[in-house]
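I opened my notebook to look up charged pairs and pockets. Here is what I wrote down.

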Amino acid sequence: MKIGVLGSGSWGTALAQVLSDGGHDVLIYGVCKEEIDDININRKNQKYFADVPISEKLKASTDIRALASYNDALLVAVPTKFISDVLSEMKPFIKESTIIINASKGFEWGTNKRISTCIRDTLDGVKYAGLASIIGPSHAEEVILRKLTSVCAVSLSYELAQEVQRIFSNSYLRVYVSTDEIGAEYGVAIKNIIAIASGMLEGQGYGDNSKAALITRGLQEMIRYGESKGAEASTFIGLTGVGDLIVTCFSPHSRNYRAGLEIGKADSADVLANNQTTVEGVHSCKSVYEDAKNSDIEMPIVESVYRVLFCNAKPSEEIAHIMNRPLKSEM
């Protein structure tokens, strides 16, 4: 297949290499000329992967029109705030047989729509083969090194999920299928919030016991919220739920974890003023918190992270607040 990748960042580049390794003809589109030149000339993307060499077969361009002949499938791997704009530019080049594959995580800025909903609304009136997402416990920094990874191909169409499963699966990336789009997308968004909290705990000097409690109780909040939206509870004990929680809450590769770590060390979210990377969990936290409040869904961890990020609360204060909540049954 000839596949276009929207986004020359870490995830777009890593998944482009997966596709190239699978024998597909891949072109990456990006707006940063330095990244594109690095890919084409140096066979690297040093902004994200230092000196790690990437596939010699990968090609990249700053001209979105170049994707006109790379549209058997389109992989969307741009920050959520840019998805609608980039896909709007792509509309003239999408054909009826084009598969749209989402790899972005979080909610659309301004509307707080799930990403699949954002994509469908943006492409309203455009005929294409269907929409799927690649979601699961995976860091681009390991995928680019071809380390063993498992993710899910998620689509409302089981047959399309199977097709995307076949497109991506290889010797180091094992892909499962799921049709619970709601659960997978809310899971991947909420785990970023919990990862910020995990970083805060680390920054405050707490250890594995604390993180185990955080992940377990965070999973309960994820299930509670997801079920209220129509998700299946079983989804959250799979790769797109607890699997994604584990990889994000313990790894220094996670931008959300690293952001939380700096907040925890400083005991203040003021340190984010100098942050230069996309931390999707910050926007997701605001979206989930506001919706949970309006829907009367109990999410104490999300509420505490929100207060730290947006209300000048200190992590140390919120940890004490959570530990002193009224005692209750676990389930």
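I set my exposure terms before anything else: buried means under 20% relative accessible area, exposed means over 50%, and partly exposed lies in between (1.4 Å probe, protein chains only). This is a predicted model, where local features need pLDDT of at least 70, side-chain atom pairs count only at pLDDT 80 or more, and totals for chains, interfaces and linings use all residues. Residues are numbered from 1 along each chain as its sequence is written, and side-chain values use heavy atoms, with hydrogens and water left out.

**Entry 1: salt bridges**

I searched the whole structure and found 24 salt bridges. The term means a side-chain nitrogen of Lys or Arg within 4 Å of a carboxyl oxygen of Asp or Glu.

I looked at Asp 121 and Lys 113. Their closest N and O atoms are 2.6 Å apart, in a salt bridge. Asp 121 is partly exposed, at 40% relative accessibility. Lys 113 is partly exposed too, at 28%.

Next I took Lys 59 and Asp 25, whose salt bridge spans 2.6 Å from N to O. Lys 59 sits in strand 3 (residues 59-61) and Asp 25 in strand 2 (residues 25-29), 34 residues apart. I noted how elements are defined: helices (H or I, at least four residues) and strands (E, at least two) are DSSP runs, numbered from the N terminus.

Then I turned to Arg 114 and Glu 185, a salt bridge of 3.7 Å from N to O. Arg 114 lies in the loop between strand 5 (99-102) and helix 5 (115-122), and Glu 185 lies in helix 8 (residues 181-203), so the pair ties together parts 71 residues apart in sequence. Are these two buried or exposed? Arg 114 and Glu 185 are both buried. Salt bridges with shared partners join Arg 114, Arg 120, Glu 181 and Glu 185 into one network.

**Entry 2: pockets**

I noted the pocket rule: on a 1 Å grid over the protein atoms alone, a pocket is an open set of points where a 1.4 Å probe fits, with protein on both sides within 12 Å along at least five of seven lines; lining residues have an atom within 4 Å of a point.

The largest pocket holds about 1,400 Å³ of space. It has 48 lining residues, and those closest to its centre are Ser 10, Tyr 48, Pro 79, Arg 255 and Thr 278.

The second largest pocket has a volume of about 760 Å³. I found 28 residues lining the second largest pocket. Which helix gives the largest share of that lining? Helix 9 does, with 7 residues.

Methods
Grid points are joined across faces, edges and corners, and a volume is the space filled by probe spheres set on the points.
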